[in-house]
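Open the model in your viewer and keep the selection tool ready. The stops below are given in the order to select them.

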Amino acid sequence: MSATKRRPHPVDEVLPPGRLAVYGFQHVLAFYAGAVIVPILLAGAIGLSERDLIHLINADLFTCGIASIIQSVGFWKVGVRLPLLQGVTFTAVSPMIAIGLAAGGGTQGLLTIYGSVIVAGLATFFVAPYFSRLIRFFPPVVTGSVITIIGIALLPVAAADAVGGADHPAPTDPRNLAYALGTLAVIVLMQRMFRGFLATVAVLVGLVLGTAVAWLLGDATFSAVGDSSWFGVTTPFYFGWPQFSAAAIVSMVVVMLITAVETTGDVFATGEIVDRRVGREDVARALRADGLSTTIGGVLNSFPYTCFAENVGLVRLTRVKSRYVVAAAGVFMIVLGLLPKAGAIVAGIPHPVLGGAALAMFATVAVVGIQTLSRVDFNDHRNVVIVASSLGLAVFVTVEPDVAQAVPEWAQIILGSGITIGSLTAIVLNLVFHHLGRHEGPAVAGAPGAGSVRLEQVNAMSRAEFVATFGRLFQGADAVVGRAWERRPFADTANLRAAFQEALFAAPPEEQRAVMAAYPDLGGVVCDDPDTEDSERDQASAGLTRLDDDRRAELAELVGAYRERFGIPLILCVRDAAGRDTVLRDGHRRLENSATQEHAAALIEIAKIANHRFSDLVADANPIHTARARAFGRDR
């Protein structure tokens with residue numbers, strides 16, 4: 001008997017060498033600009049020579065490759081084994097510049113930077129398992145916020161490239177706009193017109209075509225290739241032995257703790273994309289890889305490393321989940337770090353072309369965060385405050401980066417990055433609202449400052465109060481709502497919502513028919529009946545209250561035929577319908593069903609309607625007061 005070989009998870013799939021090479025090189029092209037920006041910024045700020053800068057770029061690429069292989073392939077308890085590239089963290093730029101200048105600038109400042117980098121890397125490596133135990137403090141409301149913030153905060157980087165690069169911006173140059181939008185258009189068209197392999201190399205094709213057009217028009221030059229040597233290798237402590245300063249070390253350790261939050265967000269984002277559960281040990285492995293790579297970086301003349309967000313969007317866009325693609329990209333980066341001429345070729349890609357591709361990738365990171373946030377219970381206003389505050393501060397600092405100059409130097413590490421301030425805000429507010437002090441339970445109904453009704457209050461309601469508050473979910477069907485009340489206590493709002501659904505579907509058939517009979521005919525709402533107010537709003541959202549005479553006659557004929565055939569009104573969740581035509585088409589199709597099938601279909605539509613009304617109700621102000629007033633006629 002032959003045993004069937006289990007197919008590996010897509011993350012662990014080893015692709016054919018040709019595909020590995022193409023996909024890996026695509027990652028390198030998309031990653032290259034972000035990989036070299038930190039040494040370029042640092043060298044200019046602390047006064048390094050051009051020769052020193054070239055060595056820093058080679059060392060950075062070489063160490064990026066090693067770090068990416070460690071993170072994606074892994075060994076022992078090091079490396080998360082997901083398709084994540086490693087790159088120098090942008091969070092470290094401002095602190096490193098401050099450290100270098102305080103030490104006198106030039107190579108002397110660089111040696112002090114390397115001393116702090118080595119120690120901070122070791123500290124990160126050893127603190128990783130303890131940091132990972134804090135995973136419970138990173139629910140979807142935090143991770144979704146962080147991932148969304150990462151995508152939004154990276155968009156200005158793409159925008160700067162799209163207009164010619166941060167060093168030589170020319171936003172009014174129509175050629176820059178043409179290159180950026182043209183590259184983006186190629187990527188979109190490739191995704192629309194092709195499937196399979198061709199669709200997955202869309203970014204690569206966009207970059208190659210954009211560069212080729214720019215070269216033909218004289219806007220891309222590769223003169224640096226001739227000026228570069230064929231071979232160059234970075235050696236340990238090339239600039240001299242590192243110098244150690246207590247203040248510099250403390251500053252860099254703080255940076256690494258902050259980047260640990262960014263790494264955690266990137267790991268969760270990639271886990272969402274590749275459909276692999278991320279747990280405590282996975283975060284510890286990723287942080288150990290960060291720490292080890294950072295220490296290696298300090299030895300090999302590079303800087304602090306973290307999981308790079310640029311790569312996350314590309315993984316989602318291409319849908320290629322294999323971690324060995326990232327390992328292949330690591331090999332390419334090592335080669336580029338050894339061959340300055342090869343690196344110069346990649347460096348010849350014009351900034352606007354890179355910016356066009358980056359717009360697609362970075363925005364895709366934000367979409368992953370939005371998807372994660374879709375799992376958050378926004379009926380709980382605490383979560384609204386967490387997401388709104390973190391996003392608001394992140395965008396504020398991203399749009400106005402000079403605001404960091406308004407605070408002391410020690411605080412500039414936090415205010416110097418939208419990703420950092422936004423991530424920390426999400427984490428701190430989650431602690432304040434969900435873990436510290438008296439736990440009141442989530443808000444079930446109401447709005448901030450408008451008499452919210454919390455879950456423990458719902459659990460303490462009498463049957464009459466409960467029915468008065470939630471009876472509108474089922475067109476005033478008190479029996480169904482009363483059955484839901486009997487399922488108390490409710491653990492959370494999701495449990496409360498489920499109780500209504502279960503009460504509906506578990507009701508006797510005659511009770512279900514009575515609920516169906518309470519719904520008004522489509523297009524025939526009686527506006528002065530308080531029980532039909534919700535139905536009127538529902539139907540207005542689908543345009544059924546604004547039909548012309550012909551459409552109104554067609555709808556009236558449809559609902560009449562349906563009621564004659566099944567004895568109940570035609571019930572449709574019109575909020576889920578694409579428009580009036582969809583409502584009419586679905587109604588005619590359901591006329592062909594059996595009575596038993598239509599009974600079940602009507603219940604499903606009622607459940608959908610109730611779900612929407614539940615979401616409306618929890619956003620209303622003080623629904624107990626509103627319901628009671630409506631019941632006794634005081635809201636007229």
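Select Val-395 and show its surface: this residue is partly exposed, with a relative accessible area of 35% (buried is under 20%, exposed over 50% and partly exposed in between, with a 1.4 Å probe and protein chains only). Val-395 sits in helix H16, residues 381-399; helices are DSSP runs of H or I with at least four residues, numbered from the N terminus.

The model is predicted: local features need pLDDT of at least 70 and side-chain atom pairs pLDDT 80 or more, while totals for chains, interfaces and linings use all residues. Residues are numbered from 1 along each chain as its sequence is written, and side-chain values use heavy atoms, with hydrogens and water left out.

Next, select the aromatic rings. Rings of Phe, Tyr and Trp (its six-membered ring) pair if their centres lie within 6.5 Å; planes under 30 degrees apart are stacked, over 60 edge-to-face, and the rest tilted. The count is 11 aromatic pairs. In one of them, the ring centres of Phe-474 and Phe-500 are 6.3 Å apart with planes at 55°, so this pair is tilted. Phe-474 lies in the loop between helix H20 (463-470) and helix H21 (478-485) and Phe-500 in helix H22 (residues 493-506), so the pair ties together parts 26 residues apart in sequence. Phe-474 is buried at 1% relative accessibility, and Phe-500 is buried at 3%.

Finally, select Trp-76 and Arg-288. Arg-288 lies over the face of Trp-76, 5.9 Å from the ring centre (NZ of Lys or CZ of Arg must be within 6 Å of the ring centre and within 35 degrees of the ring normal).

How values were computed: Helices (H or I, at least four residues) and strands (E, at least two) are DSSP runs, numbered from the N terminus.
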